[in-house]
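Please look over the sequence and the structure shown here before reading on.

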Amino acid sequence: MAKNGLYRAGVIGGGAIAQECHLPGYKKNKRCKLAAFAEPVADRHGEITARFGNLAGYADYRDMLAREDLDVVSICTPNRFHAEHAVAALDAGCHVLCEKPIATTLKDADRMIAAARANRRKLMIGFTHRLLTGPMRCKSMLDNKAIGKPFMIRVRFAHGGPYPGWAKNSWFYNKKLSAGGAMLDMGIHAIDLCLWLLGPIAAVNGKAATLIKDIEVDDNALMMLEFKGGALGYIEVGWTSKPGFNGFEIYGTEGTLICDYARGLQLCSGKASAGKDSVTEWKVLDKKPGRGGWAIELDYWMDVVMGNEKLTMNGAAGRDALAVALAAYKSSAAGGKRVEPASIK
Ligand SMILES: NC(=O)c1ccc[n+]([C@@H]2O[C@H](COP(=O)([O-])OP(=O)(O)OC[C@H]3O[C@@H](n4cnc5c(N)ncnc54)[C@H](O)[C@@H]3O)[C@@H](O)[C@H]2O)c1
């Protein structure tokens with residue numbers, strides 16, 4: 001820690017998510033000193049220092065870790081490099097916030113979890129949907145049995161795709177660097193929400209397809225989930241979507257939660273029947289359930305580092321979500337057969 005009691009923060013990877021979330025988040029957190037970043041593309045250094053001040057910029061993350069005496073590090077690199085970068089930062093004694101997905105293989109996820117344990121450092125995965133006001137409200141309502149027993153969840157997350165428009169290059173579409181398309185990129189957020197809200201997943205059937213874009217990974221995908229508690233779920237994700245429904249719905253024995261990120265979070269209760277006695281009562285709980293997320297992620301993370309918040313988006317949560325996504329790809333390759341995800345060791 002710096003002499004003034006501030007945590008020294010660094011970021012590996014200086015692309016879109018680093019610039020939109022991690023760098024500004026550390027910069028505004030009062031317990032941090034944003035000290036350095038590592039980014040191999042030289043042109044990006046000027047872009048970053050112009051926006052975030054006179055930070056030390058490194059082409060090689062190993063030099064940053066060796067020279068900067070950092071306490072906290074964010075991993076904002078393409079998926080393939082998460083494990084290498086996170087393990088190096090953990091071994092250098094840093095707490096690590098790693099972007100999703102945790103890694104591209106379960107073996108790599110296990111290495112990261114082991115490195116955090118061995119170095120007694122925290123490893124958090126950036127499951128930012130958990131920090132949006134709508135999902136947070138749903139989680140506490142489910143914990144309080146506000147809609148009785150949940151038996152069905154439907155999630156739809158889709159947009160026009162990460163590149164061009166968002167990411168700094170097209171690595172998202174390169175299977176070696178990304179390990180998957182929309183089913184992994186968007187799906188991992190959806191899977192994590194399902195695990196967080198409804199509990200462990202026993203099995204998945206998946207269908208990943210490249211429908212519209214000329215890319216080597218999937219641009220649309222479906223997943224059908226079987227929860228250990230008996231509920232069912234389905235997830236639709238895509239990189240080719242025009243504006244439309246973005247959010248999730250949870251059906252319980254006593255009511256329904258509809259969390260439409262653009263239109264609001266609503267609780268639907270009453271009596272649903274096929275007959276004329278059907279009575280539906282709608283209550284708007286949150287007009288803007290998509291608030292929070294990236295805007296509060298780094299403050300939340302620093303609270304986790306300082307012990308003010310419990311670490312729940314941990315390595316095990318990252319591994320669980322990855323196990324389901326990989327099982328969904330396996331299912332898709334086998335014509336949609338039921339696959340049980342590998343469990344936590
Ligand atoms: N939580 C979210 O909602 C969210 C949103 C977008 C992206 N992400 C995740 O963030 C990560 C980065 O995505 P992005 O959209 O910022 O992509 P990006 O292409 O904009 O940025 C990636 C950056 O990493 C740099 N990089 C590549 N190899 C490196 C290395 N060895 N050392 C240091 N830097 C290296 C690239 O030059 C680039 O600047 C991905 O894992 C992605 O899944 C998460």
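This is a predicted model: local features need pLDDT of at least 70, side-chain atom pairs count only at pLDDT 80 or more; totals for chains, interfaces and linings use all residues.

The domain assignment divides the chain into domain 1 (7-128 + 295-314) and domain 2 (129-290 + 322-333). The shell around the ligand takes at least three residues from each of domain 1 and domain 2.

**Domains**

- Taken over C-alpha atoms, the centres of domain 1 and domain 2 are separated by 26 Å.
- Contact between the two involves 18 residues of domain 1 and 19 residues of domain 2.
- On the side of domain 1 that touches domain 2, helix H5 (106-119) and helix H10 (294-306) are the elements that give two or more residues.
- H10 provides the largest share of that side, three residues.
- Sorted by class, the side of domain 1 that touches domain 2 has 11 nonpolar, four polar and three charged residues.

**The six-stranded sheet**

- Six strands form an open sheet in the order S3-S2-S1-S4-S5-S6, and their pairing is parallel.
- Strand S3 (56-58) and strand S6 (123-125) stand at the edges; each has a single partner strand, so one side of each is left without a neighbour in the sheet.
- On average, neighbouring strands of this sheet are turned by 20 degrees against each other, direction ignored.
- Six bridges join strand S1 (residues 7-12) to strand S2 (residues 32-38) in the parallel sense.
- Ala9 has Leu34 in S2 standing opposite.

**The ligand shell**

- There are 29 residues around the ligand, of which Gly13, Gly15, Ala16, Glu99 and Lys168 come nearest.
- Helix H1 (residues 16-28) gives the largest share of the shell, three residues.
- By class, the shell around the ligand is made up of 15 nonpolar, eight polar and six charged residues.

**Asp219**

- Asp219 is placed in the loop between strand S8 (201-209) and strand S9 (220-227).
- Is Asp219 buried or exposed? Asp219 is buried, because 23 other C-beta atoms lie within 10 Å, and the cut-off for a buried residue is 20 or more.
- Neighbours within four places in sequence aside, Asp219 is in contact with residues including Gly161, Gly181, Ala182, Thr210, Gly238, Trp239 and Thr240.
- Leu211, Ile212 and Lys213 are also among the contacts of Asp219.
- Asn29 is 190 residues apart from Asp219 along the chain, and 36 Å separate the C-alpha atoms of the two.

Conventions: Residues are numbered from 1 along each chain as its sequence is written. Helices (H or I, at least four residues) and strands (E, at least two) are DSSP runs, numbered from the N terminus. A residue is buried if 20 or more other C-beta atoms lie within 10 Å of its own, exposed if 12 or fewer, and partly exposed in between; C-beta atoms are placed from the backbone. Two residues are in contact if their C-beta atoms, placed from the backbone, lie within 7 Å. Two strands pair if DSSP finds at least two bridges between them. Axes are lines fitted to C-alpha atoms, for helices over the stretch in contact, and angles run from 0 to 180 degrees between N-to-C directions. A residue is near a molecule or strand if its C-beta atom, placed from the backbone, lies within 6 Å of it. Ala, Val, Leu, Ile, Met, Phe, Trp, Tyr, Cys and Pro count as nonpolar, Asp, Glu, Lys and Arg as charged, and the others, Gly among them, as polar. Domain bounds come from an automatic or database domain assignment.
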